[in-house]
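Subject: Structure handed over, with notes on what was found

Dear colleague,

I am passing on a structure for you to look through, and my notes come after it. Please keep it open while you read.

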Amino acid sequence: MKSFVHRGQITKVVFGSGTRSRIPEEADALGCRRVLVLCTPDQADQAAQTGEQLGAAAAGTFAEAAPHTPVEVTEKAVAYARSVGADAVLAIGGGSTIGLGKAITARTGLPQLALPTTYAGSEMTPILGETEGRRKTTRRLPEVLLKTVVYDVDLTLTLPAATSVVSGINAMAHAVEALYAQDRDPVAFLMAGEALDALARSLPLVARHPDDTEARADALYGAWLAGTCLGTVGMALHHKVCHVLGGTFGLPHAETHAVVLPHVIAYNAPAAGEAMARLAQALPGDDPATALYDLAGRLGAPRALRNLGMPETGIDQAAELVVRDGYWNPRPVDRSAVRTFLARAWAGEPPSPSPGRPHSRTGSVTEHPLTTGARHA
Ligand code: NAD
């Protein structure tokens, strides 16, 4: 018998095609009459259409959401929300825009609704990452959980194929780490496996035909499940590495996840047999790490950190930062092992199984005892 704790989600989820038309009634159901629409400059057109749909309930649009949720942007948005008497925020966009909405909620208590348009999954988590100066901090704040998320597959059709692929692999990363999370539970495990199946089968179709609505719906379904995993269980080495690389070298979020994930899967495989067995169902082949590396290559995703702008001299620094204040991980983490796989990821080489360790997907390997750590994103 396995004991577990499962955390349920409070967020209402609406999923389908054309579902954005339900935004006015969802806002109304929350008692909101003055909704401030948030977006990046790139998505001003989609935001304008949403504002029109809201009609009299539209309080205005703030179109300055930016990556990594800079505090100065949040302060400007909060001032604008107050000036227009907003009683809710509605984010239309990806993790950057939804992050701005969470930062506003944290400061004002205004409820947030969202129309997610990428596969990053932030809409399903209580995680708030913010940047002040060059410093990024990440917190779990239950109060920033969204009230309502309306997934409208039609809004994802404009996400460019290349961005869709890396965003989809970003979602896969949440699901992979949920499979071996320290606090995993049977529901999270089921959701993670289902998310990986959906993303692995849909991303090749989306890459070839970005306007394939069925494939887009499958990818968005996987992204919802993966985001829910990210919101309910703790993340491990992969997310720590990506936070370090993003924070230290300013590397792009989704692309960094896409490069690093095969290497961390290979590293953790010997200590996560049950997770690898489930992952291999979604990514059949010699081993899931190589299967993902090959898939990323076939879909045109970047596979080398050097091509994302990371200097070679940064490998040692990153390895040091990853082990300092590290997250819990199924396999103990040491600096030299991290340095080894980061060097491969930097050069774009395939992931390598650890020497002397079984690289198995049979489930026969031993799970390592838990090392210390906390719940992180
Ligand atoms: P993003 O939100 O930065 O979007 C990337 C670009 O794509 C933006 O210019 C955006 O306007 C555009 N875009 C988005 N959807 C589009 C569409 N359908 N059509 C055309 N253009 C579109 O990228 P992201 O990867 O979704 O989010 C990354 C950010 O989110 C990072 O800052 C990351 O740290 C954060 N994040 C947070 C969490 C969390 O739980 N807190 C989870 C995942 C990501």
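This is a predicted model: local features need pLDDT of at least 70, side-chain atom pairs count only at pLDDT 80 or more; totals for chains, interfaces and linings use all residues.

Residues are numbered from 1 along each chain as its sequence is written, and side-chain values use heavy atoms, with hydrogens and water left out.

The chain is divided into domain 1 (12-156) and domain 2 (161-347), with bounds that come from an automatic or database domain assignment. Their C-alpha centres lie 26 Å apart, and 18 residues of domain 1 are in contact with 22 residues of domain 2, where contact means heavy atoms within 4.5 Å.

The size of an interface is often given as the accessible area lost when the parts come together. Here domain 1 and domain 2 bury about 1700 Å² between them, 65% of it on carbon and sulfur atoms; this is the accessible area (1.4 Å probe) that the two parts lose on being put together, summed over both. Of the area that domain 1 buries against domain 2, F15, Y119 and V153 supply 39%, more than any other three residues.

Between the two domains there are seven residue pairs in polar contact, both residues at pLDDT 80 or more. A polar contact is a pair of N or O atoms within 3.5 Å; within protein, one must be able to donate a hydrogen and the other to accept it, and residues adjacent in sequence count only if both atoms are side-chain atoms.

Turning to the ligand, 20 residues surround it, and the closest are T40, S96, T117, T118 and T125; a residue is counted if one of its heavy atoms lies within 4 Å. An N or O atom in the side chain of T40 is 2.6 Å from an oxygen atom of the ligand, while G95 places a backbone N or O atom 2.8 Å from a ligand oxygen atom.

Best wishes
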